Amino acid sequence: MFFVSEALTMKYVLVTGGVVSGLGKGVTASSIGLLLKACGLRVTSIKIDPYLNTDAGTMSPFEHGEVFVLDDGGEVDLDLGNYERFLDIKLTRDNNITTGKIYQSVLEKERRGNYLGKTVQVVPHITDAIQEWIERVASIPVDGKEGPADVCVIELGGTIGDIESMPFIEALGQFSYHVGPGNFCLIHVSLVPVLNVVGEQKTKPTQHSVRGLRGLGLTPNILACRSTKALEDNVKAKLSQFCHVAAENILTLYDVPNIWHIPLLLRVSSFLWGY
């Protein structure tokens, strides 16, 4: 976790998702960026999509949703459109990282002989390429001003435990160590379902999701729990005990009629203002 007063080096906020897909990681990441911008910080965003496609241009909208076209012609995930609208920034195609782009970059280097005959492997070559890409793109200004942003919000697409996400999880674990704990904050978006039969909020899916995340080398600083209603105090206490996250860092993102309500939910929780 980091403090907004420490603005001398780039800070990174990683948003991951657990249990199921479609929880709203993109809107959560956009809302976090908006709050940080309201604190007077300059914010940029990166979306990681673990699929092998180099971009979203040839993907069916029925399978992946609508494609968002950037100013530079990049055909990317619709989440980047949310980033641009929420943060009033202009992103480039490089702000969308895919497995296809990373492997293509590494294989081109291998063909040019950049690796000097070494055996090219997922670790360290793919994981290093991911980290280098993040650092390079995070330093590019996207708000029309000179110099790099203060904070980079990174959204990891998919769900923790997906096979295709593993190289990114490993790279981000190394990256968190590389930049230091004071410059890296992990927010895990998870599901706390309410079973109609018993009518109570169930924490076990989130417990298992966090356990899987920690087993892969990443420990969440904040839990953003999706549910149909606000988390009860006893539910927060249970999540805090079993997920090793302070109760004040566990917040509810309950169902709202409009995505623009999400920044207000996060602001009311006041969880970012001290970081």
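Tutor: Leucine 107 is found in helix H4; helices (H or I, at least four residues) and strands (E, at least two) are DSSP runs, numbered from the N terminus. This is a predicted model, in which local features need pLDDT of at least 70, side-chain atom pairs count only at pLDDT 80 or more, and totals for chains, interfaces and linings use all residues. Residues are numbered from 1 along each chain as its sequence is written, and side-chain values use heavy atoms, with hydrogens and water left out.

Student: Is leucine 107 buried, partly exposed or exposed?

Tutor: Leucine 107 counts as partly exposed because its relative accessibility is 49%. Buried means under 20% relative accessible area, exposed over 50%, and partly exposed in between (1.4 Å probe, protein chains only).

Student: Which residues form the nonpolar patch on the surface?

Tutor: The nonpolar patch consists of Tyr103, Leu107, Val122 and Val123, which together have about 320 Å² of accessible area. H4 and H5 each supply at least two of its residues. Patches are made of residues with over 30% relative accessible area and no salt bridge; like charges are joined within 9 Å, and nonpolar side chains (Val, Leu, Ile, Met, Phe, Trp, Tyr) within 5 Å. Accessible areas come from the Shrake-Rupley method with a 1.4 Å probe, and for residues only the protein chains shown count as cover.

Student: And which residues form the positive patch?

Tutor: Lys204, Arg211, Arg214 and Lys238 form that one. Helix H7 (residues 204-215) gives the most, with three residues. Lys and Arg count as positive and Asp and Glu as negative, while His and the chain ends are not counted. The place of a charge is taken as NZ of Lys, CZ of Arg, CG of Asp or CD of Glu.

Student: Where is arginine 214?

Tutor: Arginine 214 lies in helix H7, and it counts as partly exposed because its relative accessibility is 35%.

Student: Changing topic: how many salt bridges are there?

Tutor: The count comes to 13 salt bridges, a salt bridge being a side-chain nitrogen of Lys or Arg within 4 Å of a carboxyl oxygen of Asp or Glu.

Student: Which residue forms a salt bridge with aspartate 94?

Tutor: Arginine 136 does, with the closest N and O atoms 3.3 Å apart. This pair links distant parts of the chain, 42 residues apart: aspartate 94 is in the loop between helix H3 (79-87) and strand S5 (96-98), and arginine 136 is in helix H5 (residues 122-138).

Student: What is the partner of glutamate 132?

Tutor: Glutamate 132 pairs with lysine 109, the closest N and O atoms being 3.8 Å apart. Glutamate 132 is in helix H5 and lysine 109 in helix H4 (residues 99-112), 23 residues apart.

Student: Now the interior. Why is strand S6 described as largely enclosed?

Tutor: Strand S6 (residues 151-156) is largely enclosed by the rest of the structure because six of its six residues are buried. Val151, Val153 and Glu155 are buried on one side, and Cys152, Ile154 and Leu156 on the other.

Student: Which strand pairs with S6 over five bridges, and which is joined to S6 by six?

Tutor: Strand S1 (residues 11-17) pairs with S6 in the parallel sense over five bridges, and lysine 11 stands opposite valine 151. Strand S2 (residues 43-49) runs parallel to S6 and is joined to S6 by six bridges, with serine 45 opposite valine 153. Two strands pair if DSSP finds at least two bridges between them.
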